[in-house]
Amino acid sequence: MNVRPDFSRHANKAETAPAFLSVWDMHSYYGESYIVQGVSFNVHEGEILALLGRNGAGKTTTLRSIARLDNPQVLKGEIWLDHQPLHKMRSFEAAQAGLGLVPEDRRIIPGLTVEENLQLAQIQPPIGWSLDRIYELFPRLGERRRQEGVTLSGGEQQMLSIARALARDIKVLLLDEPYEGLAPVIVDEIERTLRHIKEQGMTTIIVEQNAVRALQLADRAIILDTGSVVYDGDAAEVLDNADLRAEYLAI
Ligand SMILES: Nc1ncnc2c1ncn2[C@@H]1O[C@H](COP(=O)(O)OP(=O)(O)OP(=O)(O)O)[C@@H](O)[C@H]1O
Ligand SMILES: [Mg+2]
């Protein structure tokens with residue numbers, strides 16, 4: 001018999017007091033496909049949460065559900081951000097409520113320079129970081145402000161995508177695989193930036209295939225397996241727990 005290690009004491013450890021971002025019993029579907037199957041977790045203000053799990057575990061679907069994109073449909077559950085009911089909102093309302101999603105494909109707008117991509121994010125209030133502050137954080141973007149955004153390197157496009165989220169007045173930053181396809185030295189640079197953003201008080205959820213890097217950055221971790229939370233606890237504990245890593249992260 002294949003005995004699976006018991007990590008259930010960690011599962012769904014949602015607390016009763018409302019957290020800064022709170023996902024409660026969320027169920028999400030793509031059409032008939034039932035993907036996120038009753039996920040609950042909290043994110044505290046100012047912390048970095050790593051959202052991990054194997055390919056197809058439901059990480060992107062969880063982020064898209066929180067951001068209130070049209071697909072998937074969230075048919076049950078509640079999502080609260082700083083006392084605001086995201087589950088009752090459409091994506092543009094969630095964005096106004098302070099949700100900043102940086103999708104995996106980065107979505108740099110063709111035909112616009114770096115600066116125009118950032119200005120477009122600030123076309124409507126509430127406005128977040130000023131362009132000066134953004135260029136201080138990402139000097140490479142400042143140097144290339146007149147260059148078309150889509151001609152940047154992969155790492156620079158990732159920086160622009162994060163910068164564009166910060167250009168709005170966001171309360172939480174959701175990052176879907178920000179390190180994907182990037183050289184380790186660029187990952188180092190983005191990681192330093194994310195630490196700096198945290199020091200400024202930002203709350204962040206990072207989804208990463210590069211679980212070790214994400215766990216080194218994060219305070220806490222959630223592990224998903226087939227649309228359910230199988231671990232909710234300290235990031236450092238996951239790094240220390242070889243069984244947990246082998247079972248759910250294959251690292
Ligand atoms: N648009 C869609 N329509 C139908 N099913 C989808 C859609 N997008 C994803 N799925 C399915 O939902 C499940 C979860 O996918 P999801 O993209 O959330 O996983 P993930 O954890 O982000 O994986 P990865 O590490 O590969 O990015 C998978 O079985 C996937 O095939
Ligand atoms: Mg994904």
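The predicted model contains an open sheet of six strands, ordered E6-E7-E8-E3-E9-E10, with mixed pairing. Helices (H or I, at least four residues) and strands (E, at least two) are DSSP runs, numbered from the N terminus. Two strands count as paired if DSSP finds at least two bridges between them. Strand E6 (99-102) and strand E10 (228-234) form the edges, each pairing on one side only. Direction ignored, neighbouring strands of this sheet are turned by 15° against each other on average. E10 runs antiparallel to strand E9 (residues 220-225), and six bridges join the two. Ile-222 stands opposite Asp-232 in E10.

Residues are numbered from 1 along each chain as its sequence is written, while chains are lettered from A and ligands numbered from 1 in the order in which they are written. As this is a predicted model, local features need pLDDT of at least 70 and side-chain atom pairs count only at pLDDT 80 or more, whereas totals for chains, interfaces and linings use all residues.

Further antiparallel pairing involves strand E4 (residues 73-81), which seven bridges join to strand E1 (residues 21-30). Val-23 has Ile-79 in E4 as its bridge partner. E4 is also joined to strand E5 (residues 84-85), by two bridges and again antiparallel. Here Leu-81 stands opposite Gln-84 in E5. The hairpin of E4 and E5 has two residues between the strands, and Asp-82 takes a positive phi near 50°.

Helix packing was examined next. Two packed helices are described by the angle between their axes and the distance between the axes. The axes of helix H3 (residues 114-121) and helix H6 (residues 154-166) come within 8 Å and cross at roughly 30°. Axes are lines fitted to C-alpha atoms, for helices over the stretch in contact, and angles run from 0 to 180 degrees between N-to-C directions. H3 and H6 are therefore roughly parallel to each other (angles under 35 degrees). In the contact, Val-114, Asn-117, Leu-118 and Ala-121 of H3 meet Leu-160, Ala-163 and Arg-164 of H6 (C-beta atoms, placed from the backbone, within 7 Å). These contact residues divide into five nonpolar, one polar and one charged. Ala, Val, Leu, Ile, Met, Phe, Trp, Tyr, Cys and Pro count as nonpolar, Asp, Glu, Lys and Arg as charged, and the others, Gly among them, as polar.

Ligand 1 is surrounded by 13 residues (C-beta atom, placed from the backbone, within 6 Å). The closest are Tyr-30, Asn-55, Lys-59, Thr-60 and Thr-61. Strand E2 (33-43) and helix H1 (59-66) each supply at least two residues of this shell. H1 gives the most, with three residues. By class, the shell has three nonpolar, nine polar and one charged residues.

Technical notes
Angles under 35 degrees count as roughly parallel, over 145 as roughly antiparallel, 65 to 115 as roughly perpendicular and the rest as oblique. Two residues are in contact if their C-beta atoms, placed from the backbone, lie within 7 Å.
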